Amino acid sequence: MKPFYEILVVGGGHAGTEAAYISSKMGIRTLLITNSVSKIGELSCNPAIGGLGKGHLVREVDALGGIMGVVADASGIQFRLLNKSKGPAVQGPRTQIDRQEYKKIIQKKLNKIGLLTIIEAEVIDLVVKDYSVSGVILGNSEIIYCKSVILTTGTFLNGKIHIGDKSYSGGRSEDLASIRLANRLREMNLPMGRLKTGTPPRLDSKTINWSILEKQYADVKPHYFSFSTKKTRLKQIACHITFTNKKTHEIIEKNINKSSIYNGKILSAGPRYCPSIEDKVIRFSEKESHQIFLEPEGLNSDVIYPNGISTSLPEDIQEKYIRSIKALETVKILKLGYAIEYDYVDPRSLKPSLEMKALKGLFLAGQINGTTGYEEAASQGLIAGINSVMFVRSNEPVIIQRDQGYIGVLIDDLVTRGVKEPYRMFTSRAEYRLTLRADNADQRLTQLGSDLGTIDSNRNNTFLNKISKIKKAKSLLKECKITPSKAIKLGLTVKQDGKIRSALDFISNSKVPLKKIQTLWPELKCIEKSILLQVAHDVRYDIYIRRQKVEIEETKKNSRTKIPENFDYKLINGLSNEIRAKLELIRPIDLLQASRIDGMTPAALTLVHLWIKKYSGVNRDNGNYEQHLYGAKSSF
């Protein structure tokens, strides 16, 4: 009898594990095929998960029933909330990870699922008939049939590793590349290209002078990824900070022609937002130093990941520049840094469900779609897994919209704009980011997960209980009222307009401490701190969310708005340097043309429109128009 599974997942990285986990969890017989069972869930690069934009993605994966958030919490050794001084919309949870613990927990969770089978093998071809995928062919010529295939090949497709003038085939360090599958995909005339990424050398902890370095501690109160996590499982540690210096930069500049990135060996684009140390030194020559975070790879590991100095320089130069850095003068390099090139498929060839337009039943997720990062891969794997189940069941695909989640922003950007470099998520990519906060991911997506069957009953009951508490808290806050005169006597700032205000009105003011509100109204002390904080976030953002939606709708209606020929884009605060440079180069005649510029975001388009609108009513004949348009400072 021919082996048959409903869904086959190829690859055991972050995209593959999420896809296999969610499809089997939804009741589908799934097979995960990987080159190395022992490396399922491997953190190939940095030992960390989350960050700005990325943390939002992990929260959303968790809200929909995925596993990355739960496992990151269980293996986290330094939890920090980034952008803590700014508003909740742009704050991002991040944690250092114990690399071995993460991998161990992922594998344990996958092995517990009854409908999931895992085998170690190489996939070299797809079984295709009438533009539909119905199986895979293994390296030993065995054919395994299925209804749907999810490819999550990471950097393995035709992967090539570069160190100085040396190059060799590899999917990552110490792993073979997937050559035959890559060649087969090209033979099928799929729209493919090459991208590159890199990693820094790994250092021996015992050879670093820790005593002279600045420490970076974990947050006293951790911000977890999973809404089900209640406490920290592992010991929390500090990371350390050091910097490159003038000597470091001189060594790199002197030997720049020996770097694979600069000697012509690598022609593909790398992640601009995570540049190599060579790129940093050349592109930002005015900077005298660059920050380096020395990150432990685990509680019981002597391996240190120097975040910020990925490289493809030869071994002797890596040693020279590393040892020119403070506290690393006698450091031992355990593993060299390298750059890696790999094949990817143009994501514009995908449907929003992540199914190939040209090949029915074939889904792609992760770096094969041109993205970079664990979090981006996990998000795609989750959606590919869900939609593969929908495909097998002949149901309509699940599409997360841009106003529903960062996952929706990620996938929409990929399938509509494609990529010219590895795609990385940032909060600035989301025009609805005031709504898409990390703290409310469950409120946005858990009901959908419940409807799909990706959320179990215990998790769903916990969610419904939270929603109930939020509603009761808001109701109680509305009932607690006070006059302006009494409010002032109690130390609250309020207009003397005779209008009675509720505690909910005061909680919407970020300057009023939540503790003070609970002190003034003792009956509010029954509200849990986390619930009160959630209510505060919801209320404080409400007016801005409604205003933002109106602005975006207005931008759509007024897309034909003309842009003055010599408009000075430097006046608009909030535009990224990338978008500003493209606007100045192309000089679009109207907002419609500006919207078609590659890389233009709805948020940036809204900023341009608001600026033009603000000064379009100024009388051009009174001599003030040019001053307002080109001489004023932006207030946006």
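## Close-up views of a predicted model

**View 1. Helix α2 is largely enclosed by the rest of the structure, because 10 of the 10 residues of this helix (residues 54-63) are buried.** Buried here means under 20% relative accessible area, while exposed means over 50% and partly exposed covers what lies in between, with a 1.4 Å probe and protein chains only. The buried residues of α2 are Lys-54, Gly-55, His-56, Leu-57, Val-58, Arg-59, Glu-60, Val-61, Asp-62 and Ala-63. After α2 comes Gly-65, which has a positive phi near 100 degrees. Helices (H or I, at least four residues) and strands (E, at least two) are DSSP runs, numbered from the N terminus. Because this is a predicted model, local features need pLDDT of at least 70 and side-chain atom pairs count only at pLDDT 80 or more, whereas totals for chains, interfaces and linings use all residues. Residues are numbered from 1 along each chain as its sequence is written, and side-chain values use heavy atoms, with hydrogens and water left out.

**View 2. Five strands form an open sheet with parallel pairing, in the order β6-β2-β1-β10-β21.** Two strands pair if DSSP finds at least two bridges between them. At the edges stand β6 (116-120) and β21 (362-364), each of which pairs on one side only. From one strand to the next, the twist averages 20 degrees. Helix α9 (residues 374-392) packs on this sheet and touches β1, β10 (148-151) and β21, and its direction makes about 165 degrees with that of β10. Such angles run from 0 to 180 degrees between N-to-C directions, and the axes are lines fitted to C-alpha atoms, for helices over the stretch in contact; contact means heavy atoms within 4.5 Å. Within the sheet, strand β1 (residues 7-10) runs parallel to strand β2 (residues 30-34) and is joined to β2 by four bridges, and Val-9 has Leu-32 in β2 as its bridge partner.

**View 3. An open sheet of four strands has antiparallel pairing and the order β12-β11-β20-β13.** The edge strands β12 and β13 (192-199) have a single partner strand each, so one side of each is left without a neighbour in the sheet. The twist from one strand to the next averages 25 degrees. Helix α5 (residues 179-187) packs on the sheet, where it touches β12, β13 and β20, and its direction makes about 145 degrees with that of β13.

**View 4. Lys-160 has a bridge partner in β20, Glu-341, and stands opposite Ser-169 in β12.** Strand β11 (residues 160-163) is joined by three bridges to strand β20 (residues 338-345), and these two run antiparallel. The pairing of β11 with strand β12 (residues 166-169) is also antiparallel and extends over four bridges. Two residues lie between the strands in the hairpin of β11 and β12, where Gly-164 takes a positive phi near 60 degrees.

**View 5. The second largest pocket holds about 1400 Å³ of space and is lined by 39 residues.** A pocket is found on a 1 Å grid over the protein atoms alone, as an open set of points where a 1.4 Å probe fits, with protein on both sides within 12 Å along at least five of seven lines, and lining residues have an atom within 4 Å of a point. Grid points are joined across faces, edges and corners, and the volume is the space filled by probe spheres set on the points. Nearest the centre of this pocket lie Arg-59, Lys-221, His-223, Ser-530 and Leu-533. Helices α11 (441-452), α12 (457-479), α15 (514-520) and α16 (529-557) each supply at least two residues of the lining, and the largest share, eight residues, comes from α16.

**View 6. Thr-561 lies in the loop between α16 and α17 (577-586).** With a relative accessible area of 21%, Thr-561 is partly exposed. Leaving aside its neighbours within four places in sequence, Thr-561 is in contact with Ile-589, Asp-590, Leu-591, His-609 and Ile-612. Thr-561 and Arg-587 are 26 residues apart in sequence, and their C-alpha atoms are 14 Å apart in space.
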